Amino acid sequence: MKIVSVEFVMSTLHAPEADADALAEIAVSGRSNVGKSSLLNTLFARRSLAQVSGTPGKTQTLNYYLVNEGFHLVDLPGYGFAKAPLEKRNRWGVMMQRYLRHCRQLVGVVQLVDVRHEPSREDREMVSWLREEKMPFCLVATKCDKLGPTRVKEAVRQIVRALELPATQATVAFSSETGAGKTELLAWIARTLESATGR
Ligand code: GTP
Ligand code: MG
């Protein structure tokens, strides 16, 4: 798949009501600071359409991007940002639960983990939830530029093991710095949209 057009649609605290002709959406999930917004900019080949920051907790709303005038990519607020005030964390929980449980047009999730770290409790919870819901997801190990290629392979294997995922799990080793994994991830997105919409 090639991204030929992308347009910022909206930033919202509430997932919009799905109407019959709502476009399919794919969400980008992961802990705060793992690189969700950077990954989107890399896919879009745009430097700063999605806001990136060195400060965790930058994205605190659902941010919708219309891609190729055919589907939405959604930048989700990160979890596991311990420094956020409790009230904000609760708001995150409520917003995310509502979104993930009730978003009927959600057809897949790009689940990010940092290639250098053991998956956190929240990563595990998120992955178990995705499996329980039978939600198609691609496990993306980010920041691969921080490790050598051999270590990346081993690290991804370890993460898959730690998350108790089957050998058939879709995985992509990704870097927003080098663009590694971009083609593979776009191919996964295209396949997921195709099998969901039958187009
Ligand atoms: P929240 O919005 O807080 O949930 O964070 P996020 O997941 O959107 O992360 P963001 O894209 O804002 O990136 C966080 C930091 O990690 C920034 O300083 C990025 O430059 C850096 N970063 C993201 N992806 C990569 C990567 O692939 N390689 C390297 N070296 N740095 C990265
Ligand atoms: Mg972000």
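Visitor: Cys138, buried or exposed?
Guide: Cys138 is buried at a relative accessible area of 1% (buried is under 20%, exposed over 50%, partly exposed in between; 1.4 Å probe, protein chains only). This is a predicted model, where local features need pLDDT of at least 70 and side-chain atom pairs pLDDT 80 or more, while totals for chains, interfaces and linings use all residues. Residues are numbered from 1 along each chain, chains are lettered from A and ligands numbered from 1 as written, and side-chain values use heavy atoms, without hydrogens or water.

Visitor: And Cys144?
Guide: Cys144 is buried too, with 9% relative accessible area.

Visitor: Switching topic: where is Ser29?
Guide: Ser29 belongs to strand β2, residues 25-29 (strands are DSSP E runs of at least two residues, helices H or I runs of at least four, numbered from the N terminus). Ser29 is buried, at 2%.

Visitor: What does Ser29 touch?
Guide: Beyond four places in sequence, its contacts include Lys36, Leu76, Tyr79, Gln111 and Met126 (contact is heavy atoms within 4.5 Å).

Visitor: What about the sheet order?
Guide: The sheet is open, with seven strands ordered β1-β3-β4-β2-β5-β6-β7 and mixed pairing (pairing takes at least two DSSP bridges). β1 (6-12) and β7 (171-173) are at the edges with a single partner strand each, so one side of each has no neighbour in the sheet.

Visitor: How do β5 and β6 pair?
Guide: In the parallel sense, over six bridges. Val109 stands opposite Phe137 in β6. Helix α4 (residues 149-162) packs on the sheet, touching β5, β6 and β7.

Methods: Axes are lines fitted to C-alpha atoms, for helices over the stretch in contact, and angles run from 0 to 180 degrees between N-to-C directions.
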